[in-house]
Amino acid sequence: MGRYYEITLSVRGFPDPDTGYLVGIHEIDAIVREKLVPLIAARCDQDPTTDPASMLNELWKAAESGMDHELRSVAWALSPYYCVEMTAATRTSTSVLIRQRFEFAAAHRLHTPALSDNENARFFGKCNNPSGHGHNYRLEPCVRVPLEMIERVNVQDGLQQAVNRVLLERLDHKFLNTDCDWFNQSKGGVISSIENIARVCYQQLAPAISQLGEGIELVSITAWETEKTSAIYPGDAHN
């Protein structure tokens, strides 16, 4: 069976004043192909049950050894929907980040009682349609996991179960304004903007993630309403 992985390296520095380059793409490509890919291939052959997140520190050291600039992150996408990442900050705290994308379909109407019907129509436009409108939403929780917990807890399974139980069962194929109390303003909910969806989903999911194991925590949630419109909560989570 074949494998398809993506490795993303991020570096920081000042571009050369003459060339305008910080680092040549061919240099990054060479580091990945000559240093990182052989490590991954060897582990796939020798110990295929290794959790990829447990290799990030090894990959970081290999990448850093061949680089003249400051390495800021190493991200390893194991599928289009699942990624493990180490940043300079998480490496200092001996932890990694796990990201996984989920989807749900739902309808909503953007309307606030703080405005008149005419003001709502002018401000929200078509999104104020009384019958509502639908989206194929995407959610990407980002979870910080201590390295010592990687081999002890199946975070991916735990994350999937928590998202399904806490979020998707309440949101998928629902009319958010009436079917979900979080966004039912007649019951004290908030308007279902993408900003509020990201914030509410974070607040609801965070306690369930913290129960997965000691030191495991939800860092942020990114929510997409369309390919062009998304929001991250908390907004300063990765600074």
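Predicted model: local features only at pLDDT ≥ 70, side-chain atom pairs only at ≥ 80, totals over all residues.

Modeller: Residues are numbered from 1 along each chain as its sequence is written, and side-chain values use heavy atoms, with hydrogens and water left out.

Biologist: How many salt bridges does the structure hold?

Modeller: A salt bridge is a side-chain nitrogen of Lys or Arg within 4 Å of a carboxyl oxygen of Asp or Glu. By this criterion, the number in the structure is nine.

Biologist: Which residue forms a salt bridge with Glu70?

Modeller: The closest N and O atoms of the pair are 3.4 Å apart. Glu70 is in strand 2 and its partner in strand 1, 58 residues apart; strands (E, at least two residues) are DSSP runs, numbered from the N terminus. The partner is Arg12.

Biologist: Is Glu140 buried or exposed?

Modeller: Glu140 meets Arg101 in a salt bridge of 3.0 Å, N to O. Buried means under 20% relative accessible area, exposed over 50%, and partly exposed in between (1.4 Å probe, protein chains only). Arg101, at 30%, is partly exposed. Because its relative accessibility is 12%, Glu140 counts as buried.

Biologist: How many residues apart in sequence are the parts that Glu217 and Arg144 tie together?

Modeller: The side chains of Glu217 and Arg144 meet in a salt bridge at 2.3 Å, N to O. Glu217 lies in strand 8 and Arg144 in strand 6, so the parts tied together are separated in sequence by 73 residues.

Terms used. Helix = DSSP H or I, 4+ residues; strand = E, 2+ residues; numbered from the N terminus.
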